[in-house]
Amino acid sequence: MQHVNECKLCPLPVASFTGRKAILDKLHRYFDSDGGMQRVFVLYGLGGSGKSQLAFKFLQECQVNKQYVSYK
């Protein structure tokens with residue numbers, strides 16, 4: 001059983017992840033705007049198109065930049 005104070009770790013993107021810089025930049029701009037307001041961004045597309053890897057890469061970049069890391 002997981003305790004409330006434990007953080008869940010997201011998987012890292014695969015080592016071969018490349019590209020998608022424009023979408024990653026859009027995600028950063030979107031979540032950096034409006035200060036502490038809760039926001040939702042929907043990634044959609046065909047299965048296998050890289051949505052999960054894109055999300056993992058975004059979270060990895062945010063953790064490196066010390067953004068959005070206190071999810072509990």
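User: Which residues does Arg39 touch, leaving out those up to four places away in sequence?
Analyst: Arg39 touches Tyr30, Phe31, Ser33 and Asp34. Keep in mind that this is a predicted model.

User: OK! And where is Arg39 found?
Analyst: Arg39 lies in the loop between α1, residues 21-32, and α2, residues 51-64.

User: What does the side chain of Arg39 reach on Tyr30?
Analyst: The backbone oxygen of Tyr30, at 2.9 Å. The Arg39 side chain also has a polar contact of 2.5 Å with the side chain of Ser33.

User: Tell me about Tyr30 then. Where is its place?
Analyst: Tyr30 is in helix α1. With a relative accessible area of 25%, Tyr30 is partly exposed, because partly exposed covers the range between under 20% (buried) and over 50% (exposed).

User: Which residues is Tyr30 in contact with, beyond its neighbours within four places in sequence?
Analyst: Arg39, Val40 and Phe41. For Tyr30 and Val40, the C-alpha atoms are 9.2 Å apart in space, and the two residues are ten apart in sequence.

User: Is Val42 buried or exposed?
Analyst: Val42 is exposed, because its relative accessible area is 61% and exposed means over 50%.

User: Switching topic: how many salt bridges does a search of the whole structure find?
Analyst: One. The side chains of Lys21 and Asp25 meet in a salt bridge, at 3.0 Å from N to O.

User: How far along helix α1 are Lys21 and Asp25 from each other?
Analyst: They are four residues apart in helix α1, so about one helical turn separates them. Lys21 is exposed, at 56% relative accessible area, whereas Asp25 counts as partly exposed, at 28%.

User: Now α2. What should its 14 residues span?
Analyst: At 1.5 Å a residue, α2 should span 20 Å, and its end C-alpha atoms are 20 Å apart, so the two values agree. If you try the sum yourself, the expected span is 1.5 Å times one less than the number of residues.

User: Which residues of α2 are buried?
Analyst: Leu54, Phe56, Phe58 and Cys62 are buried in α2. The buried residues of α2 pack against α1.

User: What about Gln53? Which residues is it in contact with, leaving aside those within four places in sequence?
Analyst: Gln53, found in helix α2, is in contact with Leu12, Pro13, Val14 and Phe17. Gln53 and Pro11 are 42 residues apart along the chain, yet 9.0 Å separates their C-alpha atoms.

User: Nice! Last bit, the whole chain. How many helices and strands does it have?
Analyst: Two helices and zero strands. Of the 72 residues of the chain, 15% count as buried.

User: And how much accessible surface does the chain have?
Analyst: About 6,000 Å², with 58% of that belonging to carbon and sulfur atoms.

User: What share of contacts joins residues at least 24 apart?
Analyst: That would be 67%, taken among contacts in the chain between residues at least 6 apart in sequence.

Key. Residues are numbered from 1 along each chain as its sequence is written. This is a predicted model: local features need pLDDT of at least 70, side-chain atom pairs count only at pLDDT 80 or more; totals for chains, interfaces and linings use all residues. Side-chain values use heavy atoms; hydrogens and water are left out. A polar contact is a pair of N or O atoms within 3.5 Å; within protein, one must be able to donate a hydrogen and the other to accept it, and residues adjacent in sequence count only if both atoms are side-chain atoms. Contact means heavy atoms within 4.5 Å. Buried means under 20% relative accessible area, exposed over 50%, partly exposed in between (1.4 Å probe, protein chains only). Accessible areas come from the Shrake-Rupley method with a 1.4 Å probe; for residues, only the protein chains shown count as cover. A salt bridge is a side-chain nitrogen of Lys or Arg within 4 Å of a carboxyl oxygen of Asp or Glu.
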